[in-house]
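The sequence and structure come first.

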Amino acid sequence: MTRETKGKETCTNAKAVPDATPKGILVPLKTTLETRARGSLLDVYVTSVPVKQASGALEVIRRLLPGDGGVDLQHLRRFAKARDVPDAVREAFERARVEVLGATELLLIVGSTNAISSAVVAEELSVIVNDAVIFSIQVPRLAPTSQEQATLWSSQYWPTVYKKSNPFGPHPSIVSRTEQEIHGEVGKWMDLASEVARQADGTGSGETVGVVIVERKNGIGHPVAVAGDARWVGWPSKGAGNVTAHAALRAIAMVADGVKATSESAQTFNAVSASVTQPEFKADPADQDHFDLSGTVAGYLCHDLEIYCTHEPCVMCSMAILHSRFGKVIFQYRMPKTGGMCADGDLGHGLFWRKELNWTLLAWQWIRSSNGQSFELADFHA
Ligand SMILES: [Zn+2]
């Protein structure tokens, strides 16, 4: 592995950067709320109103259903021209209409069908609109989280507005800004995590899982802990292994222990072909020093740090990552059966962003581009 990139990189540890930093894309994880919001629909009444009576009709509805009866409809256009709604809505209107829709007429969302009856709406509107046509349609219950989703919903349900915000997860601008910040380094840290994973497997000490914890100062990442899985150390001759010696937990313990990789050792790690002697690898993963927090160690030691994992952390490690107050988690392989981070895996916990737990951790899957080097890692508990 050559180190000819010196000078090409602007970061101070440029020597440590392999000349072909693998490329890939970062895919932000969906939160549980986003995942749920995807299919959640609400039945609403829609009425047709002449343009001239539009504001009067809306006033009547606002009086009738203050605050839209507690249902947030901000993501939906309140009025839509009949020609601008999806076919299904137009067909529902055709079935309900009692007279020809004039070119000047508008369709207006009244409110949730749970909040009021159509008879009451018709009676109240009759003051303003003669023979109001009232029918019900289904609309997305929650706001879209991307322009693509808004466009899709507009074609399926009702004209929908994307407000460049995400009420169900991290703000899109924070996600994209952070992606720009870390994108160039992800391949490097993931390679290092993979190398440690290979060692864990090669030495028989653990599963093929590796983790790198990175601290970012002035935009430049520095590794502060590197750990491979170690659950099988000593097994079977010296006991049953250590069920908690997962790579993420070990790396967190190293940070807590003050075991920090220096920039020199980082260079060692990055020389992938050189022998990596697991400088951060504790001989005995059952070493209670890692886990003895009595008195000496302050909490939240990983505040704002980045954790790069070969695999989606399991539920145990995900909770440890949350409790440690990491800022970012990036993993390469999803673990649908055991992973704790994804909301759309088999477990569906979506632990990276749960309002009862945490509002600040950002999480991505990193998908290595096809021309980058890759190696297969078996499917197991990470
Ligand atoms: Zn784990």
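## Zinc site

The zinc ion is coordinated by His246 (ND1), Cys314 (SG) and Cys317 (SG), at 2.1 to 2.3 Å. Along the chain these donors have the spacing H-x67-C-x2-C. Because His246 sits in the loop between strand E7 (220-228) and H7, and Cys314 in the loop between E8 and H9, the pair ties together parts 68 residues apart in sequence. His246 is buried, at a relative accessible area of 5%, and Cys314 is buried, also at 5%.

Donors are N, O and S atoms within 2.8 Å of the metal (3.2 Å for Na, K and Ca); water is not among the atoms, so sites may look incomplete. Buried means under 20% relative accessible area, exposed over 50%, and partly exposed in between (1.4 Å probe, protein chains only).

## Basis of the model

The model is predicted: local features need pLDDT of at least 70, side-chain atom pairs count only at pLDDT 80 or more, and totals for chains, interfaces and linings use all residues. Residues are numbered from 1 along each chain as its sequence is written, and side-chain values use heavy atoms, leaving out hydrogens and water.

## Helix H9

Helices (H or I, at least four residues) and strands (E, at least two) are DSSP runs, numbered from the N terminus.
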